[in-house]
Amino acid sequence: LACVVRTKPARGVPELLAECLGREPLPAEASARLWVELRAGETGDEAAVQCATPWAQPLLCPLTCVRLRVPARGRRCHHLRCFELEAFLVASVRAVF
């Protein structure tokens, strides 16, 4: 029995950051739909959500506690809060899987 593992060269944060920033952003309609879906999940009923004021998002990254420069959130994330893209990439590059 033989096993072959092919690895790609490690990419640095600048390369990953450039790749992320070069991708198409989520269209406004999809963002609005996601907002409604995630807010509905808080109560289980979309009709039950009534906000007297806009639901404010913190401007601080939960990873670094520093003001966001490039706010990001994964396309498949089920949370509303954004994180600082570069801080996430730095942490991900250092992670061992």
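Helices (H or I, at least four residues) and strands (E, at least two) are DSSP runs, numbered from the N terminus. This is a predicted model, in which local features need pLDDT of at least 70 and side-chain atom pairs count only at pLDDT 80 or more, whereas totals for chains, interfaces and linings use all residues. Residues are numbered from 1 along each chain as its sequence is written, and side-chain values use heavy atoms, with hydrogens and water left out.

**Figure 1. Order of the elements and confidence of the model.** The protein has three helices and two strands, and from the N terminus on they run α-α-β-β-α. The predictor's confidence in each residue is given as pLDDT, from 0 to 100; its mean over the protein is 81, and 82% of the residues reach 70 or more. Among the elements, strand β2 (residues 83–84) has the highest mean pLDDT (94) and helix α2 (residues 28–43) the lowest (77).

**Figure 2. The largest nonpolar core.** A nonpolar core is a set of buried Ala, Val, Leu, Ile, Met, Phe, Trp, Tyr and Cys residues joined through side-chain atoms within 4.5 Å. Buried means under 20% relative accessible area, exposed over 50%, and partly exposed in between (1.4 Å probe, protein chains only). The largest such core has nine residues: Val13, Leu16, Leu17, Cys61, Leu68, Ala72, Phe83, Leu85 and Leu89. At least two of its residues come from each of α1 (13–22) and α3 (85–94), and α1 gives the largest share, three residues. Of the 97 residues of the protein, 18% count as buried.

Figure 3. Leu85, Ala87 and Leu89 are buried in α3. The buried residues of this helix pack against α1, β1 (71–72) and β2. A contact means heavy atoms within 4.5 Å. Leaving aside residues up to four places away in sequence, Leu16 touches Arg11, Leu89 and Val93.

**Figure 4. The largest pocket.** On a 1 Å grid over the protein atoms alone, a pocket is an open set of points where a 1.4 Å probe fits, with protein on both sides within 12 Å along at least five of seven lines; lining residues have an atom within 4 Å of a point. Grid points are joined across faces, edges and corners, and a volume is the space filled by probe spheres set on the points. The largest pocket holds about 860 Å³ of space. Among its 27 lining residues, Pro71, Ala72, Arg73, Gly74 and Arg75 are the closest to its centre. The lining takes at least two residues from each of α1, α2, β1 and α3.
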